[in-house]
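Subject: Structure handover and findings

Dear colleague,

Please find below the structure for your review. My notes on it follow directly after.

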Amino acid sequence: MRSECDSPPTSIKSFMRCRGHLAAAGGTIAGEQRTDLSSDAVVPKATPEPRLRLNLLRAVAERQLADRANMDSRASTLSEQHWPKTPDSPTSPSRSTPVPRNLSRPGSAWRRRPEHPLPRLPVSARSSNRGVTERYGELCEGSGMLPKFARTVQRGFHGTELDITASGLGDLQLKALLNDKNLLNTDQITRWRLRDSRLTDVGIIDFVTAIRLTVEVIDISLNRLSMEGSRVLSERMRNDLCFLRVVDLSGNGISDEPARILARGLLCCSALLRLDMNSNTLRDGTELGNLCAGHTVLTRLSLRRNFLGGAGVAALFEGILQNAEAGFQLADVDVAWNGIGSFNGLAAGKAIGAVLRNSGTLYHCDLSYNSMDASTCAFIAEGLKDNHSLYGLHVVGNAVSMDPDGFLTPIYTGAPLADQAQDQSSWRFGDPTSNTMTMVGASKPPPVEPAANIELDGGYKKSATWSVDDDLRGRDMSERATGCWACEGWERVELQYPIDPEGPEPKAVWMYTNLDGFRKGVRMKKLENRFVAARMVPPCCKLQAIFQVDAAFRNLPGAKLEKPKTPTEITLKACPEFQDLRPPPGQNVVGQDDHGHPIIHVEEVSVVDNKSRISVPVAPANSGRRCVVLDPPDGTNGVPVVMLRVTETDFKLARKVERTRAFYADWKRESTSLLTQCMLNDFGRTRLSKLIDEDAVPAVKEVLEQNYRKFMAIYRRVSAVDISGETELGVTQLQAGEAMMEAKLAGDSLTKIADVDRFFIAAKVKDKEAKHEIVVVNDKSLVRYEFLELIVRVAHQRFLKGGFVNTMHEAINMAFECLEAQGKKQVSIMDNFLYSFHCDDVDDVYKKHMTTLQEVYKKHSGSLTKPGKPKSMALLEWQRLLEVLDVYDDGFQARHSAIAFRLGMMTQRDETGSSRFQEMTFLEFLHALGAVFFMRKDFSESTYALKMESCFVGRLKQARSNNLAPAAAVTTRASAGAPSPGADAIGESAATAAAAAAPAT
């Protein structure tokens, strides 16, 4: 039996294994030392036996010859299956391997390979297991190549797409594949992805010649495209590539002249959406700017890691500005790593600022790592101030910082970063360092091999190109959390601060967050029982907040408290509604600013949880829109970026154009002068001369003038609850008693309900001299001036006669203090309604359906108008229309129909000498319809316009032809409503936000 070392080794591993056996047996190979494993001593070289060495070499040669003999035997068997032997069949010489001369000795055991003829096999037979067609094999054989890419092509097919990225194909292999229709049918391929395929102009010309006019995607990045290939590709683009949508020419070493040729050809590709020319050697952006200016549907342009410099970028953005002014569709521009600050950076800054100032289509822009100084960045920051369309911006690697709201602050050399931008307590968006010089990440050109006589242009060596490694070496790991809302997935959220029902209501509330180091305060808007404000917040961030409530800093009730990372000092803010900046006890005042505002040291801040952080739903304008999915910002196969308002074929972006005049432009709000006229008119009609002395009248009028808006808001509601079209608008005796009891002005031993009833009857009495001036007569309810007289009589009986005060104006002031809560609530409802109603979304819906609205108003109005007056809509006609529209729900009931009527009516100076206050014009009709949907239980500001449009498309169109509901039915529903819940019913329903509610129809 032979040992393992006696068998002939067939590979290096087998040879080494035999060598190990020799060492174990005590032998060595010539020229080696043997180490004794049991000790540290090295055994000197030993001379092996010549016979042992010779046997080893013979064993290796014997195994090689045996393997070749087996291969020839298998080939002979296969040839007999394909070509049966015939007497006339030709033969071919055999390919034998001779024995090495130094081992051929007489009498040895070596045998020579027998020489027998072997027929040559066809390519299909020799490579059938690899899917190689006969045509492809013959072409490869004729070029002296192996047909080794057939399987690669077959695996790269995905429908109409061919993806053979990083295959190492080469020009000759591509030519062979393109000439084999069975293996590569170019008629069926519309998406070609030949990235990193070792192609030059020769292979690219063959590829361009073979593609069909239906091609949509061409990706030949990371190859070598020069002048000749660019000329052929441009010529083909000019002729018939009308369906081409995406072109990627990155990493091809393209210089300015080939780029100019390609740009002229790309301009003829009418369907082109995306062009990538990253990592080339471009310096001149003029022709690319002309491409942007003239292409109508180009959406994305990426020129990352080139050498455009300031002059090239300026020329490029001049074309982008023309694209925006023409209303075209360029939405995403990437010019990162182009050395803008190295040469003529101010021109580039002015051009970029002009685009940001005037473009309404640019959605995403990457300017990172361009060495732009503070002066250049100042032009960009100025242009960004009035921009409302840019959703994503990258400025890392320039002398500028970005705050969480997307605004820029230039950083001038020598000034500390903490004084101009962010400090350690703020979130880092981009560069994490506080050194101005280290923020300029692209301050030096890429490394190149030293060479003599290298031509310089714009500070860069022409032989240098940016690489992915260069890009990553200039970045910090924390830069991944950039301030780009699109790439980082920022979301718009609402933060809310609740109002303490047992404490005084704040006059103003500001919110500070750790996103900017508690530096910028956001004014919050009052909405019912809370203050709310919206901010863009990055995902998965621990949001901290502190709230300035009047002149004190407060935390969220019940929230988790933490100490800021760094000492935080905040200056108190003031507003027209709040000027008293005297901090209450317990506030740590550390100084004052230049304007005398106190500076307070904050020791603890609130951690905002999900209860106080509500995600805002998508705006109605974006509902149902198509989107374009962009590559991830890091260039990997991660989660893509979805851009709103961007499509591939019917791309339509909102342009920055002047809106036409809004339909509500003629609406007149309650001004101070109008309220004063109302007060003087109402007070002049009252019969209070016996209660108020002439000397006290000026003081009484002053008190009434201060509180008259709240009085008007209260009267607007109580005069419309449970009112049907059969009766006039006014305050019934029941509603008057409930209003006084809710304000705690009646219902006790001081002022009984019977006293209120007595004052109600007294207020109804009219002077004989004034009867001829009264046009509107309401025997069962109080009109506005009579309701004012009722309140004054209650104040006189309760506070003056009760001994609480000594003067009449003090008694009236105390009465209005009791009515403060009701008044503020009703004023807030009116303000919130007009705020939600007077917006662009509602304006668009109303203008879209204006013809239908006019027809409905014309059909359902004028039947009760007195002769000689312009036609208007009365309350009864309004209630009949609401029955047809069927818009009632739990929040807006039939008994509230007159309240919507009142909310839609503009305030009139006189409601006694004129009936105008109950004659609804078309403009007021439009507002009343809006009030209906505002008062419904499913009201939500985000879906407000959509719900109205749903009704206009459905029920409102039916109302043009439907007959009116019987008046008796309207009266029955209005009078048979649910028991009066008091003044809270409408306020609660109006404040309820249900984003997923069903439309009114």
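Which residues have the most contacts inside the largest nonpolar core? They are Trp 192 and Phe 317, in a core of 81 residues. A nonpolar core here is a set of buried Ala, Val, Leu, Ile, Met, Phe, Trp, Tyr and Cys residues joined through side-chain atoms within 4.5 Å. Buried means under 20% relative accessible area, exposed over 50%, and partly exposed in between, with a 1.4 Å probe and protein chains only.

The model is a predicted one, in which local features need pLDDT of at least 70 and side-chain atom pairs count only at pLDDT 80 or more, while totals for chains, interfaces and linings use all residues. Residues are numbered from 1 along each chain as its sequence is written, and side-chain values use heavy atoms, with hydrogens and water left out.

Overall composition

The chain contains 31 helices and 31 strands; helices (H or I, at least four residues) and strands (E, at least two) are DSSP runs, numbered from the N terminus. Of its 1001 residues, 50% count as buried. Taking contacts (heavy atoms within 4.5 Å) between residues at least 6 apart in sequence, 74% join residues at least 24 apart.

Leaving out residues up to four places away in sequence, Phe 317 touches Val 333, Val 335, Ala 351, Ile 352, Val 355, Cys 365 and Leu 367. A second, separate core has 58 residues, including Leu 881, Leu 885, Ala 900 and Ala 928.

Ile 380 belongs to helix α13 (residues 374-384). Its relative accessibility is 2%, so Ile 380 counts as buried. With residues up to four places away in sequence again not counted, Ile 380 touches Gly 349, Ile 352, Gly 353, Leu 356, Leu 367, Met 372 and Leu 408. The C-alpha atoms of Ile 380 and Ala 351 are separated by 8.5 Å, the two residues being 29 apart along the chain.

In helix α10 (residues 286-294), the residues Glu 287, Leu 288, Gly 289, Leu 291, Cys 292 and Ala 293 are buried. The buried residues of α10 pack against α9 (256-266), β8 (274-276), β9 and α11.

Asn 306 sits in the loop between β9 (300-302) and α11 (309-325). Because its relative accessibility is 0%, Asn 306 counts as buried. What does the side chain of Asn 306 reach at 3.2 Å? It is the backbone nitrogen of Leu 282; the side chain of Asn 306 also reaches the backbone nitrogen of Thr 281, at 3.5 Å. A polar contact is defined as a pair of N or O atoms within 3.5 Å; within protein, one must be able to donate a hydrogen and the other to accept it, and residues adjacent in sequence count only if both atoms are side-chain atoms.

Arg 305 is in the loop between β9 and α11. Its phi is near 60°, a positive value in a residue other than glycine. Arg 305 is buried, with a relative accessible area of 10%.

Leu 222 also has a phi near 60°, positive in a residue other than glycine. Leu 222 lies in the loop between β6 (217-219) and α8 (227-239) and is partly exposed, at a relative accessible area of 38%.

Helix packing

Helix α21 (residues 784-800) packs against helix α22 (residues 808-818) at an angle of about 105°, with the axes 8 Å apart. Axes are lines fitted to C-alpha atoms, for helices over the stretch in contact, and angles run from 0 to 180 degrees between N-to-C directions. The angle makes α21 roughly perpendicular to α22; angles under 35 degrees count as roughly parallel, over 145 as roughly antiparallel, 65 to 115 as roughly perpendicular and the rest as oblique. Among the residues making this contact are Ile 791 and Phe 799 of α21 and Met 808 and Cys 818 of α22. The contact residues divide into eleven nonpolar, one polar and no charged. In this division Ala, Val, Leu, Ile, Met, Phe, Trp, Tyr, Cys and Pro count as nonpolar, Asp, Glu, Lys and Arg as charged, and the others, Gly among them, as polar.

Helices α24 (residues 840-848) and α29 (residues 944-958) pack at about 10°, with their axes 9 Å apart. That makes α24 roughly parallel to α29. The residues of this contact divide into seven nonpolar, no polar and three charged.

Yours sincerely
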